[in-house]
Every structure is written in structure tokens, then in C-alpha cells.
Amino acid sequence: MPGDQVRRLVCGLCGREAKGFGYVHGLRFGEFPHHRFCSMACCEAGSALARRSTGVIDKTPMETRAIKDARRPLAEVLQELGLLAPFHDRSAAEIDRIIEACVDGFQASMQRQAAERDPLDDPIPF
């Protein structure tokens, strides 16, 4: 990424651009996620949430349901590819971790790409 471009991070609580405020549970960067926030108010509220839930900010009910709903399509693709057997004895929580990792990686890539994109490069729509 060129030096004049800045990677834009989003607030872990409200979704606005993060401004340098952050929280890592117990300052254990390798073990817990690093939450970034846009303001001291979001940082205080978000870190309080993370402290109560051992370093993570809990998923919303909609996110929890979406992850559960993604299990069947994942199983269907694994079956088609002949990869279902290694996952047969895995718990729902382990399968959910795999789904979350894929979704998180996808979202992080989309955010990076959006931050790197020059909005003036879009073709004129008329």
C-alpha cells in the first residue's frame, strides 16, 4: 500500500472510522482480539462489554442466527468436495468458529479494499 494511503479501521461498537482508541483484554495481544474505537465514549463502552465477556464483544442475535444458518450450506459444500468426514465429529461451536473465521476474513478484506479504492476511479453512471 502506498505511503500516502491510510488503512481505515472501523469502530468495534458503532461502525464509524476508528480514531486510535483501542482495547485488548488483559493486554494479551496474541490471545484476544484487538477492538478499535472511534471515541473515548465508544472505547469505554466497548471495553466494558469486552471485559464482561472475556475479551470479546458478543455477537448480536442476528449474527448468531446467521452463523447457525450458514452451517447447512457449509456442510453441503464440504460434502460436494468430499471433505465432510473430518468435520463429522466436530461440535457446533467448532463449526461456528470456522464460519466466523471465514466471515471475519471476508469482511476484513472488503474493508481493506474499500479503504484502498479511489472513489474517483468509478465510471460515471450516465
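**Entry 1: confidence**

I started with the elements of the chain and their mean pLDDT: helix 1 (residues 40-52) has the lowest at 78, and helix 3 has the highest at 96. This is a predicted model, so I wanted those values before anything else. Next I looked up the chain as a whole, where the mean pLDDT is 78 and 76% of the residues reach 70 or more. Over residues 1-6 the pLDDT is below 50. I also checked what that stretch touches beyond near neighbours in sequence, and found 4 contacts in the model.

**Entry 2: helix 2 and helix 3**

How do the axes of helix 2 and helix 3 cross? I looked up helix 2 (residues 61-69) and helix 3 (residues 71-80), and their axes come within 4 Å and cross at roughly 25°. Angles under 35 degrees count as roughly parallel, so I noted helix 2 as roughly parallel to helix 3.

Then I asked which residues meet there. From helix 2 I wrote down Ile-67, Lys-68 and Asp-69, and from helix 3 their partners Arg-71, Arg-72 and Pro-73. Sorted by class, this contact has 2 nonpolar and 4 charged residues, with no polar ones.

**Entry 3: Asp-96**

My last stop was Asp-96, which sits in helix 4 (residues 92-116). Is Asp-96 buried or exposed? Its relative accessibility is 15%, and buried means under 20%, so I put Asp-96 down as buried.

What does Asp-96 touch, leaving out residues up to four places away in sequence? I found Ile-67 and Arg-71.

How values were computed: Residues are numbered from 1 along each chain as its sequence is written. This is a predicted model: local features need pLDDT of at least 70, side-chain atom pairs count only at pLDDT 80 or more; totals for chains, interfaces and linings use all residues. Side-chain values use heavy atoms; hydrogens and water are left out. Axes are lines fitted to C-alpha atoms, for helices over the stretch in contact, and angles run from 0 to 180 degrees between N-to-C directions. Helices (H or I, at least four residues) and strands (E, at least two) are DSSP runs, numbered from the N terminus. Angles under 35 degrees count as roughly parallel, over 145 as roughly antiparallel, 65 to 115 as roughly perpendicular and the rest as oblique. Contact means heavy atoms within 4.5 Å. Ala, Val, Leu, Ile, Met, Phe, Trp, Tyr, Cys and Pro count as nonpolar, Asp, Glu, Lys and Arg as charged, and the others, Gly among them, as polar. pLDDT is the predictor's confidence in each residue, from 0 to 100. Buried means under 20% relative accessible area, exposed over 50%, partly exposed in between (1.4 Å probe, protein chains only).
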